[in-house]
Amino acid sequence: MKDIILTGDRPTGNLHLGHYVGSVLNRVKLQNQGGYEKFYIMIADTQALTDNAERVDRVKNNIIQVAIDYISAGIDTSKVNIFIQSLVPELFEMTSYFMNFVSVSRLQRNPTIKDEIKQRGFERTIPIGFLNYPVSQASDILAFGTTVVPVGEDQLPMIEQTREIVNSFNNIYKPKEEVFRLPKALLPEEQICRRLPGLDGKVKMSKSVGNAIYLCDDEKTIKEKVMSAYTDPDHIRVSDPGKIEGNIVFSYLDAFASDDDFKKYLPEYKNLEELKEHYKKGGLGDVKVKLFLNNILQELLAPIREKRRYLEEHINDIYELLFENSKKASTQAHIILDKMKDAMGLDYTKLLK
Ligand code: ATP
Ligand code: MG
């Protein structure tokens, strides 16, 4: 059987470089390779509301922003169905059944949820919806028969939870025919791209933390952010030896620099290894390394920004496409929801004599 691919993002802000290397690049690669049965990208508005209940406008307005980011970054809408989560009600019905297979303590042990609870100050009162989002995410994945989920590392516990739900479902209801396929995460090859750190050097780059370079940032903002990135606080004079570990500028170079970039922008070095060696020895200033990184990011982001300008003139067309796609996604999810209810013995029409 061919693969079905599904992935998504919360419309809590524009997409950033973490999304780009963590998931979007893999999506574009898969999309262009072909050979899959279906490819969905879900804009997870309902999930975004689980920690933004009072900020409905923020979530609502970012739906179109995220859609524009996808298309500007290379997603082809003739190959991929981009839809809006809340317009597929089947997902929420499925979640209601899945909630019976997962304990509160299991959700509290989820390492990503643990981190996010701390980050959001939810230690004393966690909204049930927020704690439950891994279960709701399992529905998003399973409702479409998904086999491959291109994501960053923070999503691995969610895929694990999804697989556990499939196993519980199969153990309890012992369906005669397969209802759910077991999904696999697809992570980027490069370790650094699986969890790109934020500009502050503390946690992963994230919309909710405000430590991100966005795909839509203008030239000046990108440069300002690059120049403010966390490096080695003990590397004070140019002559001082510098540390690479935890130095965000080098982390970003690991993710984005190629040997060609050296030829073009910093020909005195052959590659990143040489640059790192010099930095470690001393005699190489942060500004020079930052300006190099800035050149690379400007070259990457300028065409994405250009495409965005065009799409911003066609917002209605994009909304219409999202609504149309959501209807198609709903029809598709309904098929698996019906199979699930059948396997559970919830088909009440069979009671008619
Ligand atoms: P929020 O702060 O609202 O949770 P976010 O920046 O974490 O937003 P999500 O919408 O939660 O973004 O994540 C969408 C996808 O992007 C997921 O697959 C996630 O793994 C990936 N992703 C997000 N941030 C990073 C990052 N810094 N590095 C690699 N992948 C990332
Ligand atoms: Mg997140």
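How many residues surround ligand 1, and which are the closest? Select ligand 1 and its neighbours to find out: 22 residues surround ligand 1, and the closest are Thr12, Asp154, Lys204, Ser206 and Ser208. Keep in mind as you click around that this is a predicted model.

**Stop one: the pocket.** Ligand 1 sits in the largest pocket.

**Stop two: polar contacts.** In the side chain of Asp154, an N or O atom is 2.5 Å from an oxygen atom of ligand 1. Move on to His19, where a polar side-chain atom lies 2.8 Å from an oxygen atom of the ligand. Gly152 uses its backbone instead: one of its polar backbone atoms is 2.9 Å from a ligand oxygen. As for cover, ligand 1 on its own has 600 Å² of accessible area, and the protein covers 97% of that.

**Stop three: the shell.** Colour the shell by residue class and you get 10 polar, 8 charged and 4 nonpolar residues. Now switch to cartoon and pick out β1 (4-9), α1 (17-33) and α10 (191-194), each of which supplies at least two residues of the shell. Which element gives the most to the shell? That's α1, with 3 residues.

**Stop four: aromatic rings.** Leave the ligand and select the aromatic side chains. Across the whole structure, a search finds 15 aromatic pairs. Zoom in on one of them, Phe83 and Phe144: the ring centres are 5.3 Å apart and the planes meet at 50°, so this pair is tilted. Zoom back out to see what the pair joins. Phe83 is in strand β3 (residues 81-84), while Phe144 is in the loop between α8 (133-142) and β4 (148-150). The two are 61 residues apart, so to speak a link between distant parts of the chain.

Notes
Residues are numbered from 1 along each chain as its sequence is written. Chains are lettered from A and ligands numbered from 1 in the order in which they are written. This is a predicted model: local features need pLDDT of at least 70, side-chain atom pairs count only at pLDDT 80 or more; totals for chains, interfaces and linings use all residues. Side-chain values use heavy atoms; hydrogens and water are left out. A residue is near a molecule or strand if one of its heavy atoms lies within 4 Å of it. A polar contact is a pair of N or O atoms within 3.5 Å; within protein, one must be able to donate a hydrogen and the other to accept it, and residues adjacent in sequence count only if both atoms are side-chain atoms. Accessible areas come from the Shrake-Rupley method with a 1.4 Å probe; for residues, only the protein chains shown count as cover. On a 1 Å grid over the protein atoms alone, a cavity is a set of points where a 1.4 Å probe fits but cannot get out, and a pocket is an open set with protein on both sides within 12 Å along at least five of seven lines; lining residues have an atom within 4 Å of a point. A molecule sits in a cavity or pocket if more than half of its atoms lie within 2 Å of its grid points. Helices (H or I, at least four residues) and strands (E, at least two) are DSSP runs, numbered from the N terminus. Ala, Val, Leu, Ile, Met, Phe, Trp, Tyr, Cys and Pro count as nonpolar, Asp, Glu, Lys and Arg as charged, and the others, Gly among them, as polar. Rings of Phe, Tyr and Trp (its six-membered ring) pair if their centres lie within 6.5 Å; planes under 30 degrees apart count as stacked, over 60 as edge-to-face and the rest as tilted.
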